[in-house]
Amino acid sequence: MRRFPEEGRFDVRGNPDDVASARHVLWKYTRLWYRNIEPGLSKKRAYWLLGSDRQAGGQVYIHPRGEAYAWAEDLAIEAVARRVQALASPYTVPVLQVGPGIVFAAPPPACPRPSLPIEAAAACALQACDVVARLHEQGCGRLGFGPSHLRLVEQSGDLQVRWLVPGVADLDLLEALETTDDCEAEAMHPRWGLNVDPIQHDLWQLAFFFFSLLAMDTRAQAALEPDRREALRTLTQIRDGGPEAGGIQDAAAMAGLFTVLARLPRAGVEPLPVVRVLPRLYPDWDEVIVEGEAMLEEARLQRERDSHRDWVVYVKLPLAAAYHQRASRAWARGDVGAALGDVDRALALDDHAPYHTTRAVLLDMLDRRTEARAAIATAFKVDARQENTQPPWGEQDTDNNAKNVERARAHLTRGILALRERSLDAAEEDLRRAEELDPTPASARARAAVRRARERTQPG
Amino acid sequence: MKRRGLGWSALVLFTWFSWVDAARADILPEPSRPKDWDEHPAPTPDVPLEDALARRLLPLLAIGMAGGSALVALKRARIHVSARRGS
C-alpha cells in the first residue's frame with residue numbers, strides 16, 4: 001500500500017513506519033505518561049518525513065499515511081488537506097500534493113513563542129482567526145495551535161502566521177505540556193477534552209495562542225482605551241472559562257476583538273464567514289472507490305496478510321460504505337440501475353443489514369418484488385446475527401441510535417412490501433414498529449395508506 | 001543435554017513469538033464501519049401512490065383535465081362561430 005507519493009515530483013527520505021509508530025505512542029505519551037515529559041520544546045522531526053521537490057527545488061514536509069487499518073482516518077485527514085490546498089491562504093503552509101499522504105512546502109522552523117506588544121500579538125491572532133473562520137466554513141475544525149503547527153515567520157519587519165494544516169493529533173498537547181510549569185493541571189484542562197465541540201475548541205485555543213504571544217503587565221492593561229480594555233477582558237474570559245463564558249460563538253466574532261486590539265479600522269478588515277456549527281466534510285466517494293479497489297487488488301496479488309488479522313477488512317468496510325453512499329446518491333437522482341450495481345458490490349464487501357435493506361428498496365422500485373422480499377428478509381436475518389464489529393469506545397449511544405434508524409427503515413420497507421401484497425396485518429405491525437423506532441413522514445403516510453386500505457376492504 | 005537445551009530454546013522462542021503476536025493483535029483496533037459517512041440519506045421505499053395520494057389527487061386531476069378540455073372545446077367553437085359570422 002502506498003503511503004506517500006513514491007515516484008514523480010518528490011524525492012522522499014525516511015521510513016513511514018517510524019512516523020506511524022511515533023504518532024501512535026504520542027497519545028499514550030500525552031494522555032497517560034504526561035508526568036514524564038521533560039520541560040522545553042523537543043524536536044518534532046519524527047512526526048513528518050522530509051523530502052525534496054525535484055521540479056521546483058527546495059525541501060518538502062510529508063505527512064505519510066498510517067497503517068492500512070487507519071485508511072478511513074487518513075482519507076478524512078486528506079479531505080481537510082484538499083480544502084486547505086483549495087483555500088490557498090497566505091497564512092497556511094502551501095499544500096503541494098494530496099493523496100496518498102500530504103506534501104507540504106517546507107514550513108518555517110518551529111520556535112518558542114516570542115513576547116510581543118498587544119498590537120502585534122493581536123495582528124498575528126487575527127491572521128490565525130482568518131484561517132480558522134474560512135476552514136470552519138469548509139467543515140475543517142479541531143486544528144493544531146502549538147508551535148509546530150501554527151508557526152511564525154518575519155515578513156518585512158512584521159510577524160506573519162504560517163500554519164501547517166492538517167496537523168498531528170496530540171502534538172499540540174505535547175507542546176503545551178513541554179512549556180507548562182504544571183503538567184497535571186495542563187493535561188486535565190477542559191480544552192483538551194475529546195468531547196469539546198470543534199468550534200469551541202478552536203476559539204478557546206485561539207485565545208490561548210493570543211495570550212502566549214502577549215507581553216503586557218496588568219498596569220499597562222488598565223491603561224488601555226475602554227474598547228480595547230473590554231476586548232481584552234472578553235479574551236481573558238474566553239481563556240479562563242471557554243468561548244461561552246466570553247459570549248463568543250464564532251471565529252468572525254473573535255476576529256472583531258482582535259481587530260480592536262490591533263488598532264485596525266473595522267472597515268479595512270474583510271468580513272469573515274460566520275460559522276457556529278461545523279459543516280460535515282466527506283471524502284469524494286468515486287476517489288475512495290477507485291483507491292479502495294486498487295488496494296484490494298494489490299493485496300490479492302501480493303497476498304500480504306497480517307499474522308493475526310487480515311488487514312484487508314480495514315479497507316473492505318469503508319469501501320463498502322463508500323459504495324453505499326454512491327448508491328444512495330444514484331437512487332436520489334433516479335438512476336436505480338447504477339444504485340443496484342453499487343449496493344451489490346457493497347454487499348460483496350460487507351454483509352451489512354442496511355445494505356440489504358437498500359437492495360430491497362431498489363429491487364422494489366424495479367418491480368422485482370420476489371427478490372425484494374428475499375432481500376428484506378436477509379436484512380432482518382443479518383441484523384439478528386451477532387455483530388462482529390464493535391462501536392469505538394464511548395460511541396455506543398450514537399451507534400444504538402443509528403441502528404434504530406436503520407431498523408426503522410427495514411421495518412418501513414418490509415411494511416410497504418406487505419402493503420403492496422395486501423397483507424394489511426403484517427404491514428400494520430411493521431409500520432407501527434418503524435414509527436416506534438424512528439418516526440418519519442414516510443412511515444406516517446404508509447400507516448395512513450394501510451388504514452385507508454382497511455376501510456376499503458371492510459364492508460360498510 | 002544438547003536435546004534438552006534445544007527443547008528449551010524452542011519453547012522460549014515459541015512463547016516469545018506468541019506473546020509478540022498477541023501484543024500486536026491487542027494494538028490493532030477492532031474493524032469498524034466509518035460512523036460519519038452519511039452524506040446521502042439511505043434509500044426508502046415509495047409509499048404506494050394509489051393508496052396514499054391517488055384517492056385525493058386522481059379525481060381532482062380528472063376533473064381538472066375534463067374542465068380544461070371543455071374550455072378548449074368551447075373556445076374553439078366560439079372562434080369557429082365568430083369566424084363564420086365574420087365571413
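This is a predicted model: local features need pLDDT of at least 70, side-chain atom pairs count only at pLDDT 80 or more; totals for chains, interfaces and linings use all residues.
Trainee: How many helices and strands does chain A have?
Mentor: Chain A is a chain of 460 residues, of which 49% are buried. Its C-alpha trace spans about 90 × 60 × 40 Å along the principal axes. The secondary structure consists of 17 helices and seven strands.

Trainee: Of the contacts in chain A with a separation of 6 or more, what percentage joins residues 24 or more positions apart?
Mentor: A contact here needs heavy atoms within 4.5 Å. Among the contacts of chain A with a separation of 6 or more, the share from residues 24 or more positions apart is 68%.

Trainee: How many Å apart are the mean positions of the positive and negative charges of chain A?
Mentor: Chain A has 59 positive and 67 negative charges. The distance between their mean positions is 3 Å.

Trainee: What percentage of the residues of chain B count as buried?
Mentor: Chain B has two helices and zero strands. Its accessible surface is about 7300 Å², with 65% belonging to carbon and sulfur atoms. Of its 87 residues, the buried share is 17%.

Trainee: Which element gives the largest share of the lining of the second largest pocket?
Mentor: The second largest pocket holds about 470 Å³ of space. It is lined by 18 residues, and those closest to its centre are A:Glu175, A:Ala176, A:Thr179, A:Arg191 and A:Ser212. The elements giving two or more residues to this lining are helix H4 (171-178) and helix H6 (198-213) of chain A. The largest share, four residues, comes from H6(A).

Trainee: Is A:Gln200 buried or exposed?
Mentor: A:Gln200 sits in helix H6 of chain A. Leaving aside residues up to four places away in sequence, A:Gln200 touches A:Pro243 and A:Glu244. The cut-off for burial is under 20% relative accessible area. Because its relative accessibility is 17%, A:Gln200 counts as buried.

Trainee: Why is helix H9 of chain A largely enclosed by the rest of the structure?
Mentor: The buried residues of H9(A) include A:Met254, A:Leu257 and A:Phe258. These buried residues of H9(A) pack against helix H3 (118-137), H6 and helix H8 (226-241) of chain A. H9 (residues 251-261) is largely enclosed because, of its eleven residues, the number buried is nine.

Trainee: Is A:Val277 buried or exposed?
Mentor: A:Val277 belongs to the loop between H9 and helix H10 (285-302) of chain A. Its C-alpha atom is 9.0 Å from that of A:Asp197, 80 residues apart along the chain. With a relative accessible area of 68%, A:Val277 is exposed.

Trainee: In which loop is A:Pro166 found?
Mentor: The peptide bond from A:Val165 to A:Pro166 is cis, with omega near 0°. A:Pro166 is found in the loop of chain A between strand S7 (158-163) and H4.

Trainee: What is the omega of the peptide bond from A:Gly99 to A:Pro100?
Mentor: A:Pro100 is in the loop between strand S4 (95-98) and strand S5 (102-105) of chain A. The bond from A:Gly99 to A:Pro100 is cis, and its omega is near -15°.

Trainee: What is the phi of A:Arg422?
Mentor: A:Arg422 lies in the loop between helix H15 (396-420) and helix H16 (424-437) of chain A. A:Arg422 is partly exposed, at a relative accessible area of 40%. Although A:Arg422 is not a glycine, its phi is positive, at about 65°.

Note on methods: Residues are numbered from 1 along each chain as its sequence is written. Chains are lettered from A and ligands numbered from 1 in the order in which they are written. Side-chain values use heavy atoms; hydrogens and water are left out. Buried means under 20% relative accessible area, exposed over 50%, partly exposed in between (1.4 Å probe, protein chains only). Lys and Arg count as positive and Asp and Glu as negative; His and the chain ends are not counted. The place of a charge is taken as NZ of Lys, CZ of Arg, CG of Asp or CD of Glu. On a 1 Å grid over the protein atoms alone, a cavity is a set of points where a 1.4 Å probe fits but cannot get out, and a pocket is an open set with protein on both sides within 12 Å along at least five of seven lines; lining residues have an atom within 4 Å of a point. Grid points are joined across faces, edges and corners, and a volume is the space filled by probe spheres set on the points. Accessible areas come from the Shrake-Rupley method with a 1.4 Å probe; for residues, only the protein chains shown count as cover.
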